Amino acid sequence: MIVDGGGRVAGGTSSGAMAIGREERAEHVDEPQPPLATPDGEPASVVHVAAELAPFARSGGLGEAVAALARYQCAAGIPVAVVMPLYGAVRASSRGIAPVGEPFTVQLGDHRVGVRLYRSTERSADLPQVYFVENAHAFDRAGMYGVGGHDYPDNAYRFALFCRAVVEALPRIAPTPTVVVHAHDWHGALVPVYLRLTGAQRLPLRRVRSVLTVHNAGYQGVFPASTMPEIGLPWELFDWRRLEWHGQLNCLKGGLVFSDMVTTVSPTHAHELRTGAGGFGLHGVFVWLRDRFVGIVNGIDQRQWSPERDPDIPYRFTRDDLRNKRRCRWALQHGFGLERRAHVPIFALTARLVSQKGLDLILGDPGYFALDAQYIFLGSGEPRYEQALSNIAARAPSRIAVEFEFSEPLEHALLAGADLCLMPSLYEPCGLTQMRAQRYGTIPVARRVGGLADTIEDGVTGFLFDDYTPSAFMDAVVRALDHYRDREAWRAMMREAMARDFGWERSEQRYRDVYRRALARHEA
């Protein structure tokens, strides 16, 4: 509750009383309000729970999105902490970590398991405090989720241990006695479940609320029913309303049911998840959530993704002076061994080479690679796609190039030098590449799904298509090439795309509104 502080005086008002009232009003007006608070004005903090976090360990957009959101929340004055597993990759890095308190044990089924909490020693006022849950057996491995394209068979145990340890350590982690625990994807989805089981009110904290963000509902943490007692979940929760899904345990479903609020990473994807076609088998749960489920588009760090100041591109340019964009094209052609041609369009794809990213559409029409254009593919993935692209590039090395060793500087250079960015995704909850590409005047050709539909304006900043077919993709490509041949119209489109605001500031405000709604629940 915000105190009014009107300074009213009952009865008559003398000039002295009026002066006192003005002083009281000034006192209340000047008193700073916490950026995040409960309805009664108590300051609140945020603890993010995620399986990955940039720059410590990440495999895709999840770790980058969590890091950026936490950073912008810090900049807004919210006390923020992030907790992730202590992977071997984190230990092997040069970044400093230090233990927090003594080791402790958590109950997981019939066993008590030893863990320890660590924190990053790299800290500043504008960065969140990062914590790590250590258990060498569970987390000190070659990969975060698995190796050789296969998940570890004990991932249910690993991430259940992580979530249970977070709940146990929450009083040490939370920056304030009132806290919103913000879990991400299925790896953190058991935190709201364990909070409800243990009774958050029993923790030495005043108030604990939970928010779950679904970054990719294609991964749900589905395991055999027999896993329930092994990870300390009572059988009474194994029903169709809570954790059971087609006879199996579904961790993501449990998190959806037990969280105070749920978000996903774009408004369009929130709608898609409520449909049978786009809900990955959980559409009924997303519908059941009603107004507790909202979509918020991710942002990008526009200081990092800026052609005006980017240290990773060979020549810097602005929307008002695009001459160096052409020089970036030449450098890109030279670096990838492509023929140096001034007006041939360069198509770029930078993504994991998996079916979700629309590789079947790109490879599905042999006429696509017969166009008078050049093509660059950056990223690794399924062997069948890597082999197909390698074969195509080998037949036309002056026009087609592939690079399976991804690096961020190379991605910057690619987006700065290319003309068009391919994102014909089967589904795309949010997507970051289309926003980055537009910042560099590189026009996306994308399917009208998820965050792509929310961040690309068809015919204005990019080209969208609907049907997941090679012919629909080719129609969009042909539209883009027709536009590309009109040099004046193309430059206008580039400038319009570069002017779009994809910063985190608005997204951070929307997350704050979600937190306030979570904090207001159960108040009556």
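Is F280 buried, partly exposed or exposed, and at what relative accessibility? F280 is partly exposed, at 28% relative accessibility. Buried means under 20% relative accessible area, exposed over 50%, and partly exposed in between (1.4 Å probe, protein chains only).

The model is predicted: local features need pLDDT of at least 70, side-chain atom pairs count only at pLDDT 80 or more, and totals for chains, interfaces and linings use all residues. Residues are numbered from 1 along each chain as its sequence is written, and side-chain values use heavy atoms, with hydrogens and water left out.

**View A. Y87 and F139 form an aromatic pair.** Rings of Phe, Tyr and Trp (its six-membered ring) pair if their centres lie within 6.5 Å; planes under 30 degrees apart count as stacked, over 60 as edge-to-face and the rest as tilted. The count by this rule is 21 aromatic pairs.

**View B. F280 pairs with Y427.** Y427 is buried, at 16% relative accessible area.

**View C. Ring pairs build a cluster.** Its members are F347, Y368, F369, Y375, F377, F465 and F473.

**View D. Arginines sit over tyrosine rings.** A charge sits over a ring if NZ of Lys or CZ of Arg is within 6 Å of the ring centre and within 35 degrees of the ring normal. The charged end of R141 is 4.8 Å from the ring centre of Y152. R487 lies over the face of Y484, 4.4 Å from the ring centre.
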